[in-house]
Amino acid sequence: MTEVSVAKEDAAAPGELVVLKSVNKHFGALHVLQDIDLTIERGEVVVVIGPSGSGKSTLCRTINRLETIDAGTITIDGKPLPQEGKELARLRADVGMVFQSFNLFAHKTVLENVMLGQIKVRRTDKKKAEEKARELLDRVGVGTQADKYPAQLSGGQQQRVAIARALAMNPKVMLFDEPTSALDPEMINEVLEVMQQLARDGMTMIVVTHEMGFARSAANRVVFMADGRIVEQAAPDQFFSNPRSDRAKDFLSKILHH
Amino acid sequence: MFDFLEGYDVLGAFWMTIKLTVFSAVGSLVWGTLLAAMRVSPVPLMRGFGTAYVNIVRNIPLTVIIVFTSLGLADIFGMTMGASDNFELQGFRLAVLGLAAYTAAFVCEAIRSGINTVPLGQAEAARAIGLGFTQTLGLVVLPQAFRAVIGPLANVLIALTKNTTVAAAISVPEAALLMKGMIENEAQTLAIGAVFAFGFVVLTLPTGLLLGWLGKRLAVKR
């Protein structure tokens with residue numbers, strides 16, 4: 001009996017938070033994810049980069065099962081990703097997600113956006129939820145916009161609210177699916193700064209992005225994807241100054257030297 | 001000039017029309033919303049039921065449905081709606097049932113088209129914070145869908161108001177039944193027709209204007 005329980009604990013090593021093992025996915029004939037193996041440690045910031053269509057967004061979305069996978073396993077905090085239903089909803093509450101297009105609830109105020117999950121999923125009472133929502137909104141610098149509707153905010157402000165909404169659930173890990181790709185250039189930094197602060201605070205983050213500056217400064221590890229495969233993983237310094245694969249060299253040469 | 005109206009309870013008949021409309025509207029809104037939820041649900045059986053219901057019910061003439069509630073449900077199956085000894089009340093309740101069942105099919109389709117106006121990302125964001133299917137639909141998708149279809153729902157409500165005249169077929173004493181009686185007894189048939197036509201316009205025109213205004217006011221800004 002003891003041996004069994006020990007073996008179980010070994011399977012979910014304390015440091016490993018998100019583990020993907022030989023994950024495969026097809027969109028029709030397109031093999032978007034091919035044998036993906038990826039382990040994310042607690043507190044680690046992993047930036048996923050790569051050319052368009054390389055499967056990085058899909059990878060990000062499989063982790064909270066917004067995309068289903070055809071084969072392989074994904075475990076979060078030692079638990080395999082559940083099928084549809086209550087179990088899955090519970091898991092998603094623990095995995096924060098920030099989308100490219102913000103996706104704030106358009107019929108609710110900024111404050112209500114950040115309160116909804118706390119009240120309906122976490123069953124927090126209304127007063128505490130509001131307190132926490134205001135605190136988080138202050139933290140991402142949009143506290144004064146609490147009573148406005150999302151459409152009245154700039155893109156950068158909306159995205160920061162979206163981050164606050166995800167944080168309100170006390171997630172174990174945050175997924176960012178190209179959080180700055182839909183933003184005007186001048187608004188990108190305000191979002192990146194919030195993310196950098198989050199990284200410094202020790203949040204586990206998986207960030208799909210084209211922001212190489214963020215990857216350099218905030219990432220513990222860069223994962224480079226191309227054509228549905230993880231081609232290379234390395235520390236950011238090493239990856240940007242000395243990429244090993246030709247595919248990564250080619251990619252970097254196209255984006256870094258202007 | 002209007003002495004042909006003497007001895008007839010025109011207002012009472014229109015009051016019956018209003019009651020039929022209001023009860024059927026509430027019933028069809030609830031049932032139609034449930035049908036719409038079924039049609040977008042992940043459960044194939046529910047989707048199948050919703051689709052079958054809508055396609056069968058909206059293609060049957062309302063007269064057939066209303067007559068069936070009386071001759072079929074009440075007379076053959078003994079569904080007297082808790083009013084077996086009160087013929088008028090029974091007819092009223094059966095008519096509301098038939099009207100609601102019929103109108104729900106149209107309400108369902110209006111709401112479903114509203115659901116299609118809500119960007120997919122809204123539902124994804126709702127699921128991503130841990131809301132289940134019912135919560136995602138009830139808290140995020142439907143509130144936005146409703147606001148998008150207030151105009152189309154006003155159309156359905158106006159059609160329903162006029163459709164209540166079919167209840168005359170099972171002797172519910174509403175406006176159309178009274179009109180039929182008056183035309184048989186009085187000479188001024190054109191004037192009688194005009195009075196009832198006017199009555200219906202008075203009921204439906206404000207409905208359309210009010211809901212049109214409300215639709216604009218409540219529209220979700222994106």
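Start with chain B on its own: among its contacts between residues at least 6 apart in sequence, 74% join residues at least 24 apart. A contact here means that the C-beta atoms of two residues, placed from the backbone, lie within 7 Å. The model is predicted, so local features need pLDDT of at least 70 and side-chain atom pairs count only at pLDDT 80 or more, while totals for chains, interfaces and linings use all residues. Residues are numbered from 1 along each chain as its sequence is written, and chains are lettered from A and ligands numbered from 1 in the order in which they are written.

**Chain B as a whole**

Colour chain B by secondary structure. The C-alpha trace of chain B spans about 70 × 45 × 25 Å along its principal axes. Of the 222 residues of chain B, 38% count as buried. Buried means that 20 or more other C-beta atoms lie within 10 Å of the residue's own, the C-beta atoms being placed from the backbone.

**Spans from the record**

Next select residues 12-38, 59-79, 91-108, 128-146 and 190-214 of chain B, which UniProt lists, in an unreviewed entry, as "transmembrane region". Such positions are given in the numbering used here, feature names are shortened, and annotations may be inferred rather than shown by experiment. Residues 59-79 of chain B are 71% helix and 0% strand, with end C-alpha atoms 24 Å apart. Residues 190-214 of chain B are 100% helix and 0% strand, and their end C-alpha atoms lie 36 Å apart.

**Helix H7 of chain B**

Select residues 150-163 of chain B, which form helix H7. This helix of 14 residues reaches 19 Å from its first C-alpha to its last, close to the 20 Å expected at 1.5 Å a residue; the expected span is 1.5 Å times one less than the number of residues. Show side chains for the buried residues of H7(B), among them B:Ile150, B:Leu153, B:Leu157 and B:Leu160. What covers the buried residues of H7(B) includes H1 (10-39), H3 (62-76), H4 (87-115), H6 (133-148) and H9 (189-218) of chain B.

**Where H4 meets H6**

Keep H4(B) and H6(B) in view. Their axes are 8 Å apart and the helices pack at an angle of about 110°. Axes are lines fitted to C-alpha atoms, for helices over the stretch in contact, and angles run from 0 to 180 degrees between N-to-C directions. H4(B) is therefore roughly perpendicular to H6(B), a term for angles of 65 to 115 degrees. B:Ile111, B:Gly114 and B:Ile115 in H4(B) meet B:Val141, B:Ala145, B:Phe146 and B:Ala148 in H6(B).

Now centre on B:Gly114. This residue is buried, with 21 other C-beta atoms within 10 Å. Not counting residues up to four places away in sequence, B:Gly114 touches B:Ala145, B:Phe146, B:Ala148 and B:Val149. The C-alpha atoms of B:Gly114 and B:Val141 are separated by 9.1 Å, although the two residues are 27 apart along the chain.

**Chain A and the contact**

Finally, bring chain A back. The contact takes 23 residues from chain A and 20 residues from chain B. On the side of chain A that touches chain B, H3 (86-94) and H4 (110-120) of chain A are the elements that give two or more residues. H3(A) provides the largest share, five residues. In an unreviewed entry, UniProt lists residues 18-252 of chain A as "domain: ABC transporter". That stretch of chain A is 38% helix and 26% strand, with its end C-alpha atoms 27 Å apart.

Definitions and conventions:
Helix = DSSP H or I, 4+ residues; strand = E, 2+ residues; numbered from the N terminus. Buried ≥ 20, exposed ≤ 12 C-beta atoms within 10 Å, placed from the backbone. Parallel < 35°, antiparallel > 145°, perpendicular 65-115°, else oblique.
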